[in-house]
Amino acid sequence: MIVSRNFTAEKKVQPTVVAIKTAFRARLEKAREAALLGGGQKRIDTQHQRGKLTARERLSLLLDDGSFREYDMLKTHRCDEFGMEKEKYYGDGVVTGHGLINGRKVFVFSQDFTVFGGSLSETHAQKICKVMDMAMRVGAPVIGLNDSGGARIQEGVDSLGGYADVFLKNVEASGVVPQLSLIMGPCAGGAVYSPAMTDFIFMVKHTSYMFVTGPNVVKTVTQEDVTQEVLGGADTHTSISGVAHGAYENDVVALKGMREIFDYLPLSNKDTPAPRPTHDSRHRIEESLRFQVPDDPNVPYDMLEVVKKVVDEGVVTEIMPNYAKNIICGFARMEGRTVGIVANNPGHLAGCLDIDSSIKAARFVRFLDSFNIPIVTFVDVPGFLPGTVQEHGGIIRNGAKLLYAYAEATVPKITVITRKAYGGAYDVMASKHLKGDYNYAWPSAEVAVMGAKGAVEIIFRGKNVDEKTTEYTERFANPMVAAERGFVDDIIDPAVTRERLCEDLELLRTKNVTRPWRKHGNIPL
């Protein structure tokens, strides 16, 4: 006899909606905590041991306290090749968002080396593109903190496509909003081209480097033994290649420096830089300027000291101070308002224009013109540097870049000739012929085709050189002829230079120039 038994299956208890929501909140909180740790505490410790801050620590120093608003904190990659589906990190190696620097809005991204070495994936690139789109939409600068090993190899062409997407955004944002790059770790291969298209690149000494191909590839192809530091370190790029515009000792100093540079800039091409209160009066008379320039045209002097005596509180923030020292480029303020300074420096190569100085100044002038920053030019230039190295290197083409940049610029342009203004270099350095608004000369100025001795030897074929040199000097080694032609608006007392420039800059705030329509010009690149 078979005995049947009835078993009643236990009902599975279904969680309530409240329980589901509570569990999700707990899971969300854990996800946010994980995102804040990036690649984990062990990798954070390694980052610190290398003398580097983490991506989030850097943003906390760059931005005003409590102002950072993060985007896409929980975004992860979608790659399932080579076991990548088992290794996902929230944020995917880059922290993005917006915040404030001294109360002014800015968009930022900070690559996280603790997550896959900061390598760029498809989603990593999407996050960067999003902040750049937002920056252009609202009109605010973009600052990128670069610390990346390059493309995420596991993603293949998706990663390469991500780079191209970022490059396109760099181009679209160029001249619309300021773009600044701070290299705080490795930046190699295709990754270098995004910073290269931004307005300014700064580096951290000894912990950052940039190169297209690394030391191993160089060794394989050319048999050269070279270190990362020599190949693409901060000293290399700020003094030899001209790729970077400045370098700082460590992360903390670099981020402080970035805040200072940011203060000089407008938020966009529709904005003007915010004025800063100053107690430095426009009526300050600087009598020492009457004796700053030696009467002997062959005696050098420090043009930077001249500039400092004219601008607010003697402060000039140089751009590329260790590259092409024969020309000075930098930001300063006049009556609290940002101006761009371009000045020949007779203390280096006698102030001659060469390939490197022309490129350095041309790039800076075009930035100033893009973002409504007046250009103040101090001239002491004996001409273009002669020699086969310069001619074979393309001084004609590269010198034309500076000529083109000045001629194209429509912002206020004021020029002061302190001493020599010879030959074609006179024309190039923001002369009246290139639509300079106000052009001045000091009594020490010499506006001529060339120096007296060279001119006499050509004109008189070596006869009566001493006598004719004296005659030529009396006639042309001064600014009187230029003033008679109207090529300089006035010969001014050096002591009142500041007062004159302040008055002119105030008048020129409403300057408006219209040009014939064109798609774009063709600068001699």
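Take R259 and D64: are these two residues buried or exposed?

Analyst: R259 is buried, and D64 is buried as well. Buried means a relative accessible area under 20%, exposed means over 50%, and partly exposed lies in between (1.4 Å probe, protein chains only). The model is predicted, so local features need pLDDT of at least 70 and side-chain atom pairs count only at pLDDT 80 or more, while totals for chains, interfaces and linings use all residues. Residues are numbered from 1 along each chain as its sequence is written, and side-chain values use heavy atoms, with hydrogens and water left out.

The side chains of R259 and D64 form a salt bridge at 3.1 Å, N to O. This pair links distant parts of the chain, 195 residues apart: R259 is in helix α10 (residues 251–264), and D64 is in the loop between α3 (55–62) and β1 (69–71). Helices (H or I, at least four residues) and strands (E, at least two) are DSSP runs, numbered from the N terminus. A salt bridge here is a side-chain nitrogen of Lys or Arg within 4 Å of a carboxyl oxygen of Asp or Glu. By this rule there are 27 salt bridges.

Another of them joins E172 and K169 at 3.6 Å, N to O. Both belong to helix α5 (residues 157–173), where three residues, about one helical turn, separate them. E172 is partly exposed at 37% relative accessible area, whereas K169, at 16%, counts as buried.

E249 and K205 also meet in a salt bridge, at 3.0 Å, N to O. E249 is in the loop between β9 (246–248) and α10, and K205 is in the loop between β7 (200–204) and β8 (209–211), so the bridge ties together parts 44 residues apart in sequence. E249 is partly exposed at 49%, and K205 is partly exposed at 24%. Elsewhere, salt bridges with shared partners join D280, R284, E286, D312 and R498 into one network.

A pocket is an open set of points on a 1 Å grid over the protein atoms alone, where a 1.4 Å probe fits, with protein on both sides within 12 Å along at least five of seven lines; lining residues have an atom within 4 Å of a point. Of the 17 lining residues, H245, G246, A247, Y248 and P321 are closest to the centre of this second largest pocket. Elements giving two or more residues to its lining are α9 (234–239), β9, α10 and β10 (317–318).
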